[in-house]
Amino acid sequence: MSSDASDWEQESQHARVEAALESLYTDLAYVPGSRVGRNRPGPARLSLNDIYVPLRSDVTIDLAVNDSAPTSIVVRQAALRLGQATMGSPRPTITTRSGNVDEAFLELLFARSKDLISNGALQGLCVAPRPIIAAPLWADGERLNVATLQAATAVNVYRRAVLLGPPGSGKSTLAKILALAHLRPQTRLTSGETPESIGIWKSRPLLPVFVELRQLAAHADFPTVDQPAHVEHLLEYIRNVVCRSDTALFAYVITQLYGGHAYLILDGLDEVSIPHSIPDALEFRREQITGLIASVTDRFPQLKILVTSRPAGYSGWTLPGFDVLYLVPLSPAETGSLIRSLYRGMGYSAEWSSKRTAQLESQLPSIPESLRSQPLFVSLLAQLFENNDAALPRQRGALLAEAIDLLLGAWSLPRTGEASLTDVLGCTSEQLLERLEVVALRSLESGRVNDSEEPSIPRSLILDELYELGSHVNPAGALEYVSQHAGILTSPAPRRYRFAHRLFQEYLAASAISKAENPGVVIIDLLTSSVANWREVALLLADVLTNGRRGGEVWELVGDLVSSPSIVLQLMAADVILDQQTLPRVGRIYGSIVPTLKNTFKSILTDTRLSALERGEIGAALAWVGDDRSGVGLREDGCPDVAWCSIPGGRAILGSDDEMRKPLAVFKGGWSYEREEPLHTVDVMPFRLARYPVTVKQYQAFVNAPDGFLNDDWWPDGGLEWKAANPPAPNRPELPDNAPQGGVTWYEAVAFCAWMSARSGEVIRLPTEAQWEWAARGPNGLLYPWGNEPRGDLANSLEAAVSHPISVGSFEMITPWGPDGPEDLIGNVWEWCSSIVETENRQFRYPYEPNDGRESSAGGDLAKRATRGGYFGTSQAVSRSSLRGRDVPSVRVSRQGFRVAGEAGEGDQ
């Protein structure tokens, strides 16, 4: 053959390969089934690139910087140190945990870190926000968890990786996006995605070989489940299906595979079919696919491989030489992006999708965070909201019912090619669900649930229940559908199963209990045996009863729980109430238990057998049924009911010194005590101070009163200008109305006091710094109202680990003034005082001088006002009696609240 003919043949072969690659690209590039149906406006076909949402992995990096340049990068996965790249000459030094960690990628990541330092961002990474007090990225020092690797970048950490994510998390979309990004530069298509456009990649694109494992296992030439499979079976599938018997393309693929220039992507390990006619088929299939992949790695040792699966589907698998990556729960921004992309995938226009997404996002705060951060439930919510303008259900039970129904039907049926579950199994979804409910209940009764291990269910128990469906239903087939297609069950070991999500098991058990003659008696017996095992089931049982319009039975359950002598069951009564806040507070049963609810909750609100968080739940439930404690709510005329504490006059000890602060040595870190020095005394006249900070209910009465917030007469210097531009402090629905009102500016606090003064005919104001500190410290000048030692069990400070304001009066009352003293002075919210701490030109230091101008109401935002007592997020190094905080009067943060003071009444000394 002449040289010209040979060149022509090579060019022809090259053109054929290019054309074939373009055809492969087109096959992968569009969302399957995305053609628009009726009532779904939008493009005829949607490109995956249009709906791709970058998701985060569980891999993070630490960064060390010297002289504004990176000195090392450490790559971590949870607590596991995967590898490190350290500055060296001429190249960085690389150390790795195993040979599967790609050293070249670590070197590339180290090189790119220069851009991260200079720009504060880098394509393929999610850079963690840094607090104002933290050193910037370019400053010298070591930064931990600087950034999270997006999944499209994280797949490069390992040469061979398994990517796990729940159903609907975007695994397959990511896998195809990776394939498209590598494939496009090797075609004649116009410029577009490249590997670098979706993450951090080596410069040379690889040849992607995308294989859906479900289709591979179902192919006519693939061995039956009980026969071994090896690399030749995969190559035959690639030749006949992926390359469509194109010899030129297949020859090119083989060359790239052997040369280590290909990227094998095996999608959907969990979707491989399991023939139920063969005993132990799942174990056979695992052995078969594991052997196949091992054979591929032996034949092509340099080949980069990615396998995708659901976590439940991968349970019980081990692929030798592979490491596992996880898609992490969604952030709020990622949740919105996922919803938007799902609507685009349904065929809706970008404008409609954005509008609908915004509507759904406004309702997400009412959904438990554990659900709204999981892609499966986000996908469910998007489908529930697709053609529904009504509010989403608040109860987890309703959402779980919808999720399980979706998994049994619309989510899983397309994989079978049948139109209904009856066509697949011979039974309805309702019949199958009833048997799963019994399995869930029986397995919970016989197994122990804890945070580290789900109960394992023997296959025999499941098959026994599925057999009850009738002889026309194959139990093994039903089990295969529920586990392999629907993903409700998973198999961690041969002949052992467990529910893919504990909530699935607990909801189904609750549904089974709801069908008992007296479900309340059943669940209380179970709770008595183990609250830890049955708590969630009890809460979900209340959901099931509520959704079934059986509200009276919910109140019967609450009444039985609160009447129990067990404080743990009394706490359960509060938990049920808080979970069922949409249930009407009406009816004979509810009315009969309200007095018991109030009395019980008030009696255990400060019980030290309960944690601070649990007491917060008791307080919130008390608020829901009606907190009638003095000083918490409103009078009959709608004015706040203040419980006054008489504070006698005396010689007050203010400030602190080194000797007094010795108990603070237990707190690590440097603290500035300059503002509270020197230790000194000052005369304080008798006055009255509210027992509690102003509550949400009390403050909102001011906001809603016709003569309240909107009345210009109440506002101090600078306040009217602020009011004209701002709304009142918000009523946060997640907080009970007996919690202290947060988010209050100093202007609002002063206006509230003026309004109350006019309503009551008394002088009501903010306390001065000297009054507040005297009330908190008493005659002995204590560091804390209870003494001189920090006590994490006596205040809602950082040590209580609550992380939000809780109902006032939730802690054991120990005050310098005995049982009639003010409570909650430490923690919960910072409290505004009237005093100025500093202005633009002057520091009002201690000693306290009441006549030096610090008690002036003028000054506007130039006069920073005192805040005292700390809040739920400060440790007791800060949350104490003598520390002088200060803030701008117009600042609005959730940690700021206040309490009121008044003139001494008759008999006060």
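## Basis

This is a predicted model, in which local features need pLDDT of at least 70 and side-chain atom pairs count only at pLDDT 80 or more, while totals for chains, interfaces and linings use all residues. Residues are numbered from 1 along each chain as its sequence is written, and side-chain values use heavy atoms, with hydrogens and water left out.

## Strand 18 and its partners

Strand 18 spans residues 687-690; strands (E, at least two residues) and helices (H or I, at least four) are DSSP runs numbered from the N terminus. Strand 15 (residues 644-647) runs antiparallel to strand 18 and is joined to it by four bridges, with W644 paired to A690. Strand 24 (residues 901-903) is also antiparallel to strand 18, over three bridges. Pairing requires at least two DSSP bridges between two strands.

F687 and L689 on one side of strand 18, and R688 and A690 on the other, are all buried (under 20% relative accessible area, 1.4 Å probe, protein chains only).

## Helices 24 and 26

Helix 24 (residues 551-562) packs against helix 26 (residues 588-604) at about 30°, with the axes 10 Å apart; axes are lines fitted to C-alpha atoms over the stretch in contact, and angles run from 0 to 180 degrees between N-to-C directions. The angle makes helix 24 roughly parallel to helix 26 (under 35 degrees).

Contacts (heavy atoms within 4.5 Å) involve residues including W555 and V558 in helix 24 and I593 and L597 in helix 26.

Technical notes: Angles under 35 degrees count as roughly parallel, over 145 as roughly antiparallel, 65 to 115 as roughly perpendicular and the rest as oblique. Buried means under 20% relative accessible area, exposed over 50%, partly exposed in between (1.4 Å probe, protein chains only).
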